[in-house]
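Work through the exercises below with the sequence and the model open. Each task is followed by a solution in steps.

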Amino acid sequence: MDLHEYQAKEIFRGAGIPVPPGKVATTPDEAEAIAREFDGLVVVKAQVHTGGRGKAGGVKLAKTPEEAREHATDILGMDIKGLTVEKVLVTPGEDIDTEAYAAVLVNRETQAPMFMVSSEGGVDIEQVAEENPDALTKLHVDPRFGLLPHQAYELAVALYADAKLQRQAAKVMSQLYDAFMNAGASLAEINPLITTPEGEVKAIDAKVSIDDNELFRRPEIAAYRDSSSEPDAETKAREAGLTFIKLDGNVGCCVNGAGLAMATMDLVKFYGGEPANFLDIGGSSNPEKVVNALKIITADPAVKVILFNIFGGITRTDDVANGIIEAMKQIDIDVPIVIRLTGTNEEIALEILKDAGFEAYSTMDEVVKKAVDLATAAAPSGA
Amino acid sequence: MSIFIDNDTRLVVQGITGRDGSFHTTQMMEYGTNVVAGVTPGKGGQSFEGPGGRQVPIFDTMEQAVEQTSPNCSVIYVPPAFAASAIMEAADAGVPFIVAITEGIPVLDMARAHAYADDCGSRVLGPNCPGLITPGQSKVGILPGSIVMPGPVGVVSRSGTLTYEAVYQLTQNGIGQTTCVGIGGDPLIGTKFVDVLEKFRHDADTKAIVMIGEIGGTDEQEAAEFVKEHIDVPVVGFIAGQTAPPGRTMGHAGAIISGAAGTAAEKMQVFRDNGIAVAERPSDIGGLIKDALGV
């Protein structure tokens, strides 16, 4: 789960990182009032879950409260990479001497948290990694001991030559690590980490992504979820314990297991169709999950056929079969359903479906071909 | 022969009394796995009734289970909040091979658990994996026993159900398996493709290998290079996620480390460049293995 900048800054402030004050506005009036409160130069920043806000015109400097209001009027409602801006952060402008980069993330290869810092901040860090990899310092942390004091100092030395700045930066590194661990993050990033002419180190932008698996034990972080920033169907799917991603095609897919779900989408494409979604109903599926999955798939008007591909291991195929029957009772489904079920409790599942008048297929190729044929027949114009 | 598990495997089930734990313990016992103990805190002294009325003793702790029943393998069906702790408990008790089925364990919990298990000298398979099966001998995890048969093909996969798909097809084509291993779909897994390939390399009965990967990370690329350097038997590969939209699961910062996007197309190309036969569809896997084995 990605957090907004203002939320990430709250977490950073809580960990003691020096972050300039800031307040969130949802209307131009509020933006103007906040700017008046700060009494001076302010920055109005779009709060959306994507990078490149500056380039898109979503970050603007205002010298007066009136100007802050104008910028907020422009930015609120703006579309940035398909996302509508609903909130702006209004924060005092800072005098910047230098800009650096600092981040902690989980490295898959070393299976440990890793710091990445660079004295070249404020720019696209991927570009730095590609063009000038030596400018990027990496450091692994043993999660059992945390960031050790000498490691924090090493990172600070990589960023600054001045002893006073190094001391401040070492503290920020420790605080950033604490923020990362305490939030259950997969990424905590400061870009840029600035120094001011007065010799202060400050974080003026913040990005935090949370590991979804941490949310059950961190209700205060889970409350940060901004459902307005994702498609309605994805919110509903998440609440039902399903993994769902909306796509552009017309073959609705309901599969157990992420790998098989991806392979099913690939096969739909292989046979000339287009998948309408990625949907993994997960392990231990109960009938209710299937009901919810069908509700979500059928809510998409583009869907012309529903394709089930279930290979039971931990999922009992009779649970899925019962779910399909149950769903048919609860919701009106006016598109054809084609089903492939095999694996654990397959005999019981096929019996249940046969009794209810469904035809079940035995191979993935057969069922996908059938689904693509039905979708094509329902949309002869190729729409 | 086989890798990791065989007739000598003595299994302890952590979380034996839960819905999934009890269901799959029965399935494993029916398959012939030697389940010697179960662990559920608070239920020590009770016993689990398996198929045919066979009783499996339940212990409160792994330490007790290990002391009294000498297992050499553990399987974990514990809920996500407690699963990393269960892995460390098994490692601490001296279990050399720990199979973690649980899905949804926090990544930072696993960072600690992997480091801890490494220090104890234990190998972790998973988490978020279907486990493994050596046909005709032992199954640990949730792979359906009905779809496998003994034979010459080693199978290794990041996916659960997609593994069943491939294995089922081999079996339908009359081609059996030495061992089928699901390494798991989490970002931090204990046993990677190369670890399993290294085991297959030293298994004389494994005459061909099926490797099933997916988008994200660079384990497949690393595995492809390992195949070219060290594996003498034919390898057939499949990558899931050719139509997956970019940027949905891979973080901005993750792409920096890998230095590449980790797309299906890229992985398939690396497979081809390193002499691995690539299946376009899951249903092509059987045919490619047949060709490779000359049967």
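Two residues are in contact if their C-beta atoms, placed from the backbone, lie within 7 Å. This is a predicted model: local features need pLDDT of at least 70, side-chain atom pairs count only at pLDDT 80 or more, and totals for chains, interfaces and linings use all residues. Residues are numbered from 1 along each chain as its sequence is written, while chains are lettered from A and ligands numbered from 1 in the order in which they are written.

**Exercise 1. Describe the side of chain A that touches chain B.**

Step 1. Count the residues. Chain A brings 51 and chain B brings 45.

Step 2. Find the elements; helices (H or I, at least four residues) and strands (E, at least two) are DSSP runs, numbered from the N terminus. Those of chain A that supply at least two residues include strand 7 (98-107), strand 8 (112-118), helix 9 (258-270) and helix 13 (364-378). Helix 9 of chain A gives the most, with ten residues.

Step 3. Ala, Val, Leu, Ile, Met, Phe, Trp, Tyr, Cys and Pro count as nonpolar, Asp, Glu, Lys and Arg as charged, and the others, Gly among them, as polar. The chain A side divides into 24 nonpolar, 16 polar and eleven charged residues.

**Exercise 2. Locate the largest nonpolar core and the residues with the most contacts inside it.**

Step 1. A residue is buried if 20 or more other C-beta atoms lie within 10 Å of its own, exposed if 12 or fewer, and partly exposed in between. A nonpolar core is a set of buried Ala, Val, Leu, Ile, Met, Phe, Trp, Tyr and Cys residues joined through C-beta atoms within 7 Å.

Step 2. Read off the core. It has 206 residues, and Met173(A) and Ile87(B) have the most contacts inside it. Helix 6 (residues 163-183) of chain A is its greatest contributor, with nine residues.

Step 3. Look around Met173(A). Beyond its neighbours within four places in sequence, its contacts include Ala102(A), Phe115(A), Leu147(A) and Leu155(A).

Step 4. Look elsewhere. Another core, of 18 residues, lies apart; Ala62(A), Ala68(A), Leu76(A) and Leu89(A) are among them.

**Exercise 3. Which strands pair with strand 10 (residues 150-157) of chain B?**

Step 1. Apply the rule: two strands pair if DSSP finds at least two bridges between them.

Step 2. Take strand 11 (residues 177-182) of chain B. Five bridges join it to strand 10, and the two run parallel. Here Pro150(B) stands opposite Gln177(B).

Step 3. Take strand 12 (residues 208-214) of chain B. Five bridges again join it to strand 10, also in parallel. Val153(B) has Ala208(B) as its bridge partner there.

Step 4. Check the burial. In strand 10 of chain B, six of eight residues are buried.
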